[in-house]
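I opened the notebook on a new model today.

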Amino acid sequence: MATPAQELVPLLDKDGVRLTVDDALATVTLTNPAKRNAQSPAMWRALAEAGQLLPGSVRVVVLRGEGVSFSAGLDRQMFTPEGIEGEPSFIDLARSGDAELDAAIAGFQEGFTWWRRSDLVSIAAVQGYAIGAGFQLALACDIRVVAEDVQFAMRETSLGLVPDLTGTHPLVSLVGYGRAVEICLTGRFVGAEEAVQSGLANVAVPAKELDAATADLAAAILAAPRDAVIETKTLLRGASARDYDAQRTAERAAQGRRLRDLAGLGE
């Protein structure tokens, strides 16, 4: 049975990424289930393009993966000497200059950075494997709804690499330094129960209920006034960088803006 996202005409459908928009709700789907949605530079460019193509009407973005797994991480062809056709191999990247290498990695990260924009709320619906780059893509979102069969793992360190697709900051923020370093250095799997208990996931549901639970959450967020959602998200995102009194000040300023807008006195 087709999902609602598949019944819409895609704004983007290439390199394992499909973007559909239904008014205020956008859905980004990873569409290479035969390879468990393994990631490549082409997919990262498509993810970045999806963010650029979002209409201004969009308030919530759902990220999902087709098939049994959300994303099993990097396409292993990237580790071979020949790499992926049309893309620089890891060996090619290693031979480039510092500035060129930094620019290449920064370009890869672009597909992971827009999910926390203040004017959007992003929800990752995660089932099966979410490994390495897949784990980091789920971490890029504001909220994670997971199936009971989810298996998170950060395998980069065991491969001689480091997690470099923006996942380290949200991981530490969610579970704390001690657990984050243990998860990354051991590369072990984190299942649904631990994910919810540790804060990695907001809720775990049976796999057959994943889409419905995600849709219900999106609908609840869309039911709130957009400007209040934006102000609240901005307030919460900045909380960790402020002390208690600074956060109180930020709350007062945000509430002042909301009250003036509601009274028709905004700028």
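I call a residue buried under 20% relative accessible area, exposed over 50%, and partly exposed in between (1.4 Å probe, protein chains only). The model is predicted: local features need pLDDT of at least 70, side-chain atom pairs count only at pLDDT 80 or more, and totals for chains, interfaces and linings use all residues. Residues are numbered from 1 along each chain as its sequence is written, and side-chain values use heavy atoms, with hydrogens and water left out.

**Salt bridges.** I took a side-chain nitrogen of Lys or Arg within 4 Å of a carboxyl oxygen of Asp or Glu. The count came to 13. I looked up Asp75 with Lys35, 2.8 Å from N to O. They sit 40 residues apart, each in a loop. Asp75 is buried at 10%, whereas Lys35 is partly exposed at 37%.

Next I checked Asp142 with Lys233, also a salt bridge, with the closest N and O atoms 2.8 Å apart. Asp142 is in a loop and Lys233 in helix α10, so the pair ties together parts 91 residues apart in sequence. Helices here are DSSP runs (H or I, at least four residues), numbered from the N terminus. Lys233 is buried, at 9%.

**Cavity.** I searched on a 1 Å grid over the protein atoms alone for sets of points where a 1.4 Å probe fits but cannot get out; lining residues have an atom within 4 Å of a point. Volume is the space filled by probe spheres set on the points, which are joined across faces, edges and corners. I found 1 cavity of 30 Å³ or more. Helix α10 gives the largest share, 4 residues.

Terms used:
1 Å grid on protein atoms, 1.4 Å probe; cavity = no way out; pocket = protein on both sides within 12 Å on 5 of 7 lines; lining within 4 Å. Helix = DSSP H or I, 4+ residues; strand = E, 2+ residues; numbered from the N terminus.
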